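Notebook open, model loaded. I want to go through this chain one topic at a time and jot down what turns up.

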Amino acid sequence: MTVSLRAPAVGRSNALHAGAWWLWALGLATAASRTTNPLLLGLLVGVAGYVVAARRTDAPWARSYGTFVRLGLFVIGIRLVFSVVLGSPVPGSHTLFTLPELPLPHWAQGVRIGGRVTAEQLVFALYDGAKLATLLICVGAANALANPARLLKSLPGALYEVGVAVVVAMTFAPNMVADVVRLRTARRLRGRPTGGVRAVLQIGLPVLEGALERSVAVAASMDARGYGRTAQVPRAVRHTTTVLTLGGLLGVCAGTYGLLAAEGASYGLPVLGVGLLAALAGLRLGGRRSVRTRYRPDRWGPRAWLVAGSGIAVAALMIWASGRDATALHPGVVPLVAPVLPLWPAAAVLIGLVPAFVAPVPEAPVRKATMTKPPGAKGPAPVDPAPRIPVPQAPVPQPPYREGGGCK
């Protein structure tokens, strides 16, 4: 018997848990926060982009990755502009050009507008902007791969109300945009203007009316399903739940800041672990108040462990490498030298490609067939219409035949 090593096609039973994608992306983002080497940052962006291209579906949220890439490029451009206009504390000897400097009062010492622009300060700004851009692109990869509705569906019972509110908010905006597009198309077909203040005011009332109707329908469905029912728990359990949840979330924030900051690597991981344990205990206790069930809950299978573990491994190895060889991960700009790709950190980043091989393969989007344009024909090629399926017709009843000719 042969065993196939290829990843299966995605289905309802083997869909990857949305939390695994977020853990993988946060691991890559943590690795990006530990270095300013542009070669390693470019490798992280390439790994994230390859996984997104290999495992992205045709869902609406999957199209957000390109927006995050453009946002990252915009951040790099803004960082360079600020460095040119506001200056930089990085000293440099390679002067590129000089801007007119605006004189400032004596109490604004250390701040300047304009002046000399050096190559060292621009390279430093480029490294710093690329670091932030990589963080945004990693978060964009999680948004493009993880289904937000399935992620909110997996929230613990203590956060059920928050999850429902977020789901309603996330579905309200796309429906409102769809209503605006539908109404503008209807006005265009009727020969009415679709731009201007008057058109916006005429479109706004039907859009708000439709949003109100959907809100009332959602509220009615939630009331019919018993939303808001809570179980009776002792007061001591409620207070303990509040203390554990708030303290755990504060610990998670402090630990995350320690991991992302270069100075907090020593205390970041222990504080993050203690905060996660306290928050999970608080959410476990708080879930007793929520009386609800899950329909077809998502399972955390072996493939989800591999995807999440690959991101965690990239983050852990990059943190270890930053403590062993900080010079390779943070190339200097004074004197100005070309960055070098370190071998072991680059190999650690490549572990992030594991989801491209173990995650279930999404279905290929269905594309319309088109006909090729005949040679010498003008105009666009005609679209091949969808094949028509013959519909069986019911037999037409015939009048009975009477002997001797004629019908009854």
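I count a contact when heavy atoms lie within 4.5 Å. With that in hand I looked up Ala-31, which touches Leu-44, Val-314, Ala-315 and Met-318, leaving out residues up to four places away in sequence.

Ground rules before I go on. This is a predicted model, where local features need pLDDT of at least 70 and side-chain atom pairs count only at pLDDT 80 or more, while totals for chains, interfaces and linings use all residues. Residues are numbered from 1 along each chain as its sequence is written, and side-chain values use heavy atoms, with hydrogens and water left out.

**Ala-31, continued**

I found Ala-31 in helix α1. Helices here are DSSP runs (H or I, at least four residues), strands are E runs of at least two, and both are numbered from the N terminus. Is Ala-31 buried or exposed? At 0% relative accessibility, Ala-31 counts as buried. My cut-offs: buried is under 20% relative accessible area, exposed is over 50%, and partly exposed is in between, with a 1.4 Å probe and protein chains only. I also checked Ala-31 against Leu-259: they are 228 residues apart in sequence, yet 9.5 Å apart in space, C-alpha to C-alpha.

**Whole chain**

I get 13 helices and 2 strands. Of the 408 residues, 30% count as buried. Looking at contacts between residues at least 6 apart in sequence, I see that 76% join residues at least 24 apart. The chain exposes about 26,500 Å², and carbon and sulfur atoms supply 67% of that. Those areas come from the Shrake-Rupley method with a 1.4 Å probe; for residues, only the protein chains shown count as cover.

**Confidence**

I went to pLDDT next, the predictor's confidence in each residue, from 0 to 100. The chain's mean is 76, and 70% of its residues reach 70 or more. Which helix has the lowest confidence, and which the highest? Helix α6 (residues 160-189) is lowest at a mean of 69, and helix α2 (residues 38-55) is highest at 92. Over residues 368-373 the pLDDT is below 50, and this stretch has 11 contacts in the model beyond near neighbours in sequence. Residues 379-389 are also below 50, and that stretch has 11 such contacts.

**Aromatic pairs**

I found 2 of them. Trp-21 and Trp-24 have ring centres 5.9 Å apart and planes at 80 degrees, so I log the pair as edge-to-face. The rule: rings of Phe, Tyr and Trp (its six-membered ring) pair if their centres lie within 6.5 Å; planes under 30 degrees apart are stacked, over 60 edge-to-face, and the rest tilted. Both residues sit in helix α1 (residues 18-32), 3 residues apart, about one turn of the helix. Trp-21 and Trp-24 are both buried.

The other pair is Trp-300 with Trp-305, edge-to-face, at 5.6 Å centre to centre and 70 degrees between the planes. Trp-300 is partly exposed at 31%, and Trp-305 counts as exposed at 60%.

**Salt bridge**

I get 1 salt bridge, using a side-chain nitrogen of Lys or Arg within 4 Å of a carboxyl oxygen of Asp or Glu. What does Arg-79 pair with? Its partner is Asp-128, with the closest N and O atoms 3.3 Å apart. Arg-79 lies in helix α3 and Asp-128 in helix α4 (residues 119-145), so the bridge ties together parts that are 49 residues apart in sequence. I have Arg-79 as partly exposed at 25%, and Asp-128 as partly exposed at 32%.

**Nonpolar patch**

Leu-71, Phe-74, Ile-78, Val-81, Phe-82, Val-85 and Leu-86 form a nonpolar surface patch, with about 600 Å² of accessible area together. Patches take residues with over 30% relative accessible area and no salt bridge, joining like charges within 9 Å and nonpolar side chains (Val, Leu, Ile, Met, Phe, Trp, Tyr) within 5 Å. I picked out Val-85, which is in helix α3 (residues 65-86) and partly exposed at 36%.

**Loops**

Ser-154 is in the loop between α5 (148-153) and α6, partly exposed at 27%. I put Ser-154 and Gly-19 at 8.4 Å apart, C-alpha to C-alpha, with 135 residues of sequence separation.

Last entry: a cis peptide bond joins Val-334 and Pro-335, with omega about 0 degrees. Most peptide bonds are trans. Pro-335 is in the loop between α11 (326-329) and α12 (343-349).
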